[in-house]
Amino acid sequence: MACTTGVCQSGCYKEDDDEAMEFERRSESATTTTANGSASLPVKEDSDHRNLCFKCKVDEAITGDEAHLCLGCFRSSLFGKFKFSVTSHDMINPFDNILVAFSGGPSSRVVLQFVHEMQQKAQRNFDASRDRSLPVFGVGVAFIDETVISSIPSHEYEKAIQDIRLIVSSLAPPEKKLHIVPIENIYSLDSKGETSRLKELLHAIDDDTGKEDLVHHLHMMSLQKIALDNGYNKLVLGSCASRIACHVISATVKGQGYSLPADIQYVDARWEIPVVLPLRDCLIQELNMICSHDSLKIVKQLDGSGSGINVLVSSFVTLLQKENPSRERTIVRTAEKLTPFHFNRLPETDDPNNHVSSRRRHKKFNPKSNESIPSELFCPICNSPLNKVDSERLKSNLRHCETSADILGISCCSSCQFQILPKKSSSKEHFYSLLPQPMIDRAKYHISRDQDLLRSGNK
Ligand SMILES: [Zn+2]
Ligand SMILES: [Zn+2]
């Protein structure tokens, strides 16, 4: 059934018999489900011999692509990919308190499930160990409630939130705290009328793509805030290879080529709370398959229907993938050739709890970075590193700025200037007044940095 001999070619690996037994149990129960006829996946059958799994050569293959794996081997290979990303990039260690961003879709459902299984195993090891020196990492779940800006009817949204509560509460212990936070909470709680302020902000953007992208940036900002306010030290996203492939194409179209490598790595530590992507090597088709076979409940997609570049690119990539099932991986692998930034690795800590073995792994699999770390400037709206042209323009114009809105105007990356900022200079002041504080703080940072440089005699 499940692969039990070290690391196999498909990235599946077993740490101990305990885990292997768990997979055997799962594959048995899931095979029964398949026998009941609920599976919609292609099963090639021959009249003479069954289409056997390439790996275990015992069970019938369920995956239709070149992998030809049975359910048990397919699941363990997918979990293996997740586990390999986690361990090789030191994404989760026993002292962590991690926050899983949950949208209810298949990717975040699988990441929640896999994190949960890892935590359960850590708990079993803890209970069995005599000295109990290694604690069990903590897990919280965050859902950003976008009811106020969503085109989806509020009763449907409410139903989705109920489902999300049910999904999280029905996970076995250790308990996971669920944070359901309205997106308008990015405005500080004591400021009145945050809903209308948010609506007005989005209304001030003419471009559909710009609007969607700003919501995405606000979403990330909300997740960061939840993590900071509740003592989490890492943020886990379910972004999979298919999603990243779409981002590669759309970022290229939007002229974000310079900052693109920052967004597509396993680790992104430019944020106050570092972000990790353990499903970066999995395809959405694979994640859908796991959800259907493990009967993992997913929630109706709450993004609504967009009309901008993002939606166009997503349907284009889906079409490419239909024609050739390796297209999404090819896109991601091509973009991987771009050099990552120094913040695409977790900061080295002097923490004695950071074990030697994990540090060694960490060194081995993390992108090489220059010894002298460049001090990047970041766009206050999207938090992308600014390219050379944008940074130079900012440095040379900063001292001529009269208003805060002027500073915001010249601090933004070209893409945000084009797609998000209002064109008319008269609207800029109003737009600035509607932005949430963290974005304003980022713009202000440029001034304080400039003054520091002036004082130290650099330019
Ligand atoms: Zn198999
Ligand atoms: Zn930007």
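Where is D90 found, relative to α2 (71–88) and β1? D90 is found in the loop between these two elements. The structure is a predicted model, in which local features need pLDDT of at least 70 and side-chain atom pairs count only at pLDDT 80 or more, while totals for chains, interfaces and linings use all residues. Residues are numbered from 1 along each chain as its sequence is written, and chains are lettered from A and ligands numbered from 1 in the order in which they are written.

The chain has 17 helices and six strands; helices (H or I, at least four residues) and strands (E, at least two) are DSSP runs, numbered from the N terminus. Of the 459 residues in the chain, 38% are buried. A residue is buried if 20 or more other C-beta atoms lie within 10 Å of its own, exposed if 12 or fewer, and partly exposed in between, with C-beta atoms placed from the backbone. Among the contacts in the chain with a separation of 6 or more, 73% are between residues 24 or more positions apart. Two residues are in contact if their C-beta atoms, placed from the backbone, lie within 7 Å.

The six strands form an open sheet with mixed pairing, in the order β3-β2-β1-β4-β6-β5. Strands β3 (177–182) and β5 (267–268) stand at the edges, and each has a single partner strand, so one side of each is left without a neighbour in the sheet. Two strands pair if DSSP finds at least two bridges between them. Strand β1 (residues 97–101) is mostly covered, with four of its five residues buried. Five bridges pair β1 with strand β2 (residues 138–145) in the parallel sense, and A101 stands opposite A142 in β2. The chain crosses from β1 through α3 to β2, and this β-α-β crossover is right-handed, a term used if, with the strands pointing away from the viewer, the path from the first strand over the helix to the second runs clockwise. The pairing of β1 with strand β4 (residues 234–236) is also parallel, over three bridges, and here V100 stands opposite V236. By contrast, β5 and β6 run antiparallel and are joined by two bridges, with D268 opposite V275 in β6.

Helix α3 packs on the sheet, touching β1, β2 and β4, and its direction makes about 155° with that of β1. Axes are lines fitted to C-alpha atoms, for helices over the stretch in contact, and angles run from 0 to 180 degrees between N-to-C directions. Helix α6 (residues 208–229) lies across β1, β2, β3 and β4, at about 140° to β2.

The axes of helix α3 (residues 106–128) and helix α9 (residues 284–293) come within 9 Å and cross at roughly 65°. On the α3 side the contact is made by P106, S107, R109 and V110, and on the α9 side by I284, L287, N288, I290 and C291.

The loop between β6 (275–276) and α9 holds P278. P278 is buried, with 27 other C-beta atoms within 10 Å. Leaving aside neighbours within four places in sequence, P278 is in contact with F82, S85, V86, M91, V111 and V236. T87 is 191 residues from P278 along the chain, and the C-alpha atoms of the two are separated by 9.5 Å.

Most residues other than glycine have a negative phi, and most peptide bonds are trans. D90 is not a glycine, yet has a positive phi of about 55°; D90 counts as buried because 25 C-beta neighbours lie inside 10 Å. N383, in the loop between α12 (356–365) and α13 (388–397), likewise has a positive phi, of about 65°, although it is not a glycine. N383 is buried, with 21 other C-beta atoms within 10 Å. A cis peptide bond joins P173 and P174, with omega about 0°, and P174 is found in the loop between α4 (154–169) and β3.

Residue A443 lies in helix α17 (residues 437–455) and counts as buried, with 21 C-beta neighbours inside 10 Å. Not counting residues up to four places away in sequence, A443 touches P380, I407, L408 and S411. The C-alpha atoms of A443 and I410, 33 residues apart along the chain, are separated by 9.3 Å.
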